[in-house]
Amino acid sequence: MIKRPATGRRLFVLDTNVLMHDPTALFRFDEHDIYLPMVVLEELDRGKKGLSEVSRNVRQVSRFLDDLLLQAPDNDAITDGIPLPSVTSENMPDASGRLFFQTAQIPHELPKELPGHSGDNSILSVAIHL
C-alpha cells in the first residue's frame with residue numbers, strides 16, 4: 001500500500017491507453033500522484049515495435065520512464081515515489097506529484113461481474129486494492 005500524506009492529493013491509476021495516446025500524460029497531473037500497475041508496463045513493452053504513431057508514443061513513454069528512474073538513487077526512492085515535474089500549471093511550477101510502480105503482487109478478488117484475467121481486469125484489481 002502506498003503511504004501518502006492526506007493533503008487532498010489524489011492517486012490516479014493509469015491505463016495503458018492513456019500513455020499510448022499521450023506520452024506526456026505522466027506530467028499532466030500537477031500535485032496528484034500516479035500509479036502504474038505492472039500489467040501497464042508489460043503492455044507498453046509489447047507496444048514498442050512498429051512505425052505507427054502509437055508505437056512511437058510508447059517508445060517516448062519508455063524514455064520518460066527511464067529518465068525518471070535514473071533520478072531515483074535507490075530502490076527505496078522508487079518505493080517512496082519518484083517526483084514528477086508538472087508541465088500544466090504555470091502558477092505552481094514546483095507542484096509535483098509522485099510516480100509509483102507496482103513492485104509486488106497484489107492479491108485481490110475481482111467482483112463476480114468481472115470474470116477473467118484480462119489486462120483491464122488486472123488494472124481494476126489494483127485500483128480496488130489501492
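This is a predicted model: local features need pLDDT of at least 70, side-chain atom pairs count only at pLDDT 80 or more; totals for chains, interfaces and linings use all residues.

Let me begin with the core. The largest nonpolar core comprises 25 residues. Those with the most contacts inside it are Leu-19, Leu-26, Ile-34, Leu-36, Leu-44, Leu-65 and Leu-99. Which elements supply at least two residues each? They are helix 1 (16-21), strand 2 (33-36), helix 2 (38-46), helix 3 (53-71), helix 4 (75-79) and strand 4 (98-101). Helix 3 gives the largest share of this core, with 5 residues.

If we set aside its neighbours within four places in sequence, Ile-34 is in contact with Leu-11, Phe-12, Leu-14, Ala-25, Leu-26, Phe-29, Leu-84, Arg-98, Leu-99 and Phe-100.

I turn now to Thr-16, which is found in helix 1. Is Thr-16 buried or exposed? Its relative accessibility is 3%, so Thr-16 counts as buried, the limit being under 20%. The side chain of Thr-16 is joined to that of Glu-43 by a polar contact of 2.3 Å. Not counting residues up to four places away in sequence, Thr-16 touches Val-40, Glu-43, Leu-44 and Ile-123.

Finally, the aromatic pairs. How many does a search of the whole structure find? The search finds 2 aromatic pairs. In one, Phe-12 and Phe-29 form a tilted pair, with 4.8 Å from centre to centre and 50° between the planes. This pair links distant parts of the chain: Phe-12 belongs to strand 1 (residues 11-13), Phe-29 sits in the loop between helix 1 and strand 2, and they are 17 residues apart. Phe-12 is partly exposed, at 30% relative accessible area, whereas Phe-29, at 18% relative accessibility, counts as buried.

Why is the pair of Phe-27 and Phe-64 edge-to-face? Their ring centres are 5.1 Å apart and their planes stand at 85°, so the pair is edge-to-face, for which the angle must be over 60 degrees. Phe-27 lies in the loop between helix 1 and strand 2 and Phe-64 in helix 3, so this pair ties together parts that are 37 residues apart in sequence. Phe-27 has 11% relative accessibility and therefore counts as buried.

How values were computed:
Residues are numbered from 1 along each chain as its sequence is written. Side-chain values use heavy atoms; hydrogens and water are left out. A nonpolar core is a set of buried Ala, Val, Leu, Ile, Met, Phe, Trp, Tyr and Cys residues joined through side-chain atoms within 4.5 Å. Buried means under 20% relative accessible area, exposed over 50%, partly exposed in between (1.4 Å probe, protein chains only). Helices (H or I, at least four residues) and strands (E, at least two) are DSSP runs, numbered from the N terminus. Contact means heavy atoms within 4.5 Å. A polar contact is a pair of N or O atoms within 3.5 Å; within protein, one must be able to donate a hydrogen and the other to accept it, and residues adjacent in sequence count only if both atoms are side-chain atoms. Rings of Phe, Tyr and Trp (its six-membered ring) pair if their centres lie within 6.5 Å; planes under 30 degrees apart count as stacked, over 60 as edge-to-face and the rest as tilted.
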